[in-house]
Amino acid sequence: GQQVMQIPQYQHVQEGEDFTTYCNSSTTLSNIQWYKQRPGGHPVFLIQLVKSGEVKKQKRLTFQFGEAKKNSSLHITATQTTDVGTYFCAGYTGTASKLTFGTGTRLQVTL
Amino acid sequence: DSGVTQTPKHLITATGQRVTLRCSPRSGDLSVYWYQQSLDQGLQFLIQYYNGEERAKGNILERFSAQQFPDLHSELNLSSLELGDSALYFCASSVHGGEQFFGPGTRLTVL
């Protein structure tokens, strides 16, 4: 079945450092979504990418969808303590109506 | 507040028992999804309903079942509970496909 892996599993950065999480799917995705889950909270939608090679920015967050539509990345510039949480990518394949979530990357930010 | 409600927030029960988790989607959303998240684990898709009909199935055990009612609320029934079923159970809703809005979750503890 479809698998979506994320690396790294965990990253600890100092506030102000950059952070990147990478998402890789075993199959081509029709689109990719990113969610953030704060400790003790529920996943919250961040963004959706649909086109091959698409890049979208939200303030300090930059999201990219690979040319082959099998991978994606999320880059955070100058992390803040409010960025703490687990970041999940999630993708739909063309024929499946279920959203497959990645394994997640847990980000810890310290002062 | 995502607009998705789940009850109860916490549930403690014994092995072999049966429980029902309830979810009310956002107003206007026809799709309801159920996910299981074990400690420090990713989100495992269980099942999706769209406007009362089952639309997609994930790794849902035979001991688990769900339904969506005419008023669009959904229930997840877990029976013959085992210790390994202890987890956070999230419900999410969407219009159809696209961004999913997650509820606060039900934390199930099986003793």
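In the predicted model, the torsion about the S-S bond of Cys23(A) and Cys89(A) is about 80°, so the disulfide that they form is right-handed. Cys23(A) belongs to strand 3 of chain A (residues 19–25) and Cys89(A) to strand 9 of chain A (residues 85–92), so that the pair ties together parts lying 66 residues apart in sequence. The computed separation from S to S in this link between Cys23(A) and Cys89(A) is 2.0 Å.

Over all chains the structure holds two disulfides, and chain B contains a disulfide formed by Cys23(B) and Cys91(B), in which the sulfur atoms lie 1.8 Å apart. Cys23(B) is placed in strand 3 of chain B (residues 19–24), while Cys91(B) is placed in strand 9 of chain B (residues 87–94), and the pair therefore ties together parts that are 68 residues apart in sequence. The torsion about the S-S bond of Cys23(B) and Cys91(B) is -45°, and this link is left-handed, whereas the link of Cys23(A) and Cys89(A) is right-handed. Cys23(B) counts as buried because its relative accessibility is 0%, and Cys91(B) also counts as buried, with a relative accessibility of 0%.

Methods. Residues are numbered from 1 along each chain as its sequence is written. Chains are lettered from A and ligands numbered from 1 in the order in which they are written. This is a predicted model: local features need pLDDT of at least 70, side-chain atom pairs count only at pLDDT 80 or more; totals for chains, interfaces and linings use all residues. Side-chain values use heavy atoms; hydrogens and water are left out. A disulfide is a pair of cysteine sulfur atoms within 2.5 Å. Helices (H or I, at least four residues) and strands (E, at least two) are DSSP runs, numbered from the N terminus. Buried means under 20% relative accessible area, exposed over 50%, partly exposed in between (1.4 Å probe, protein chains only).
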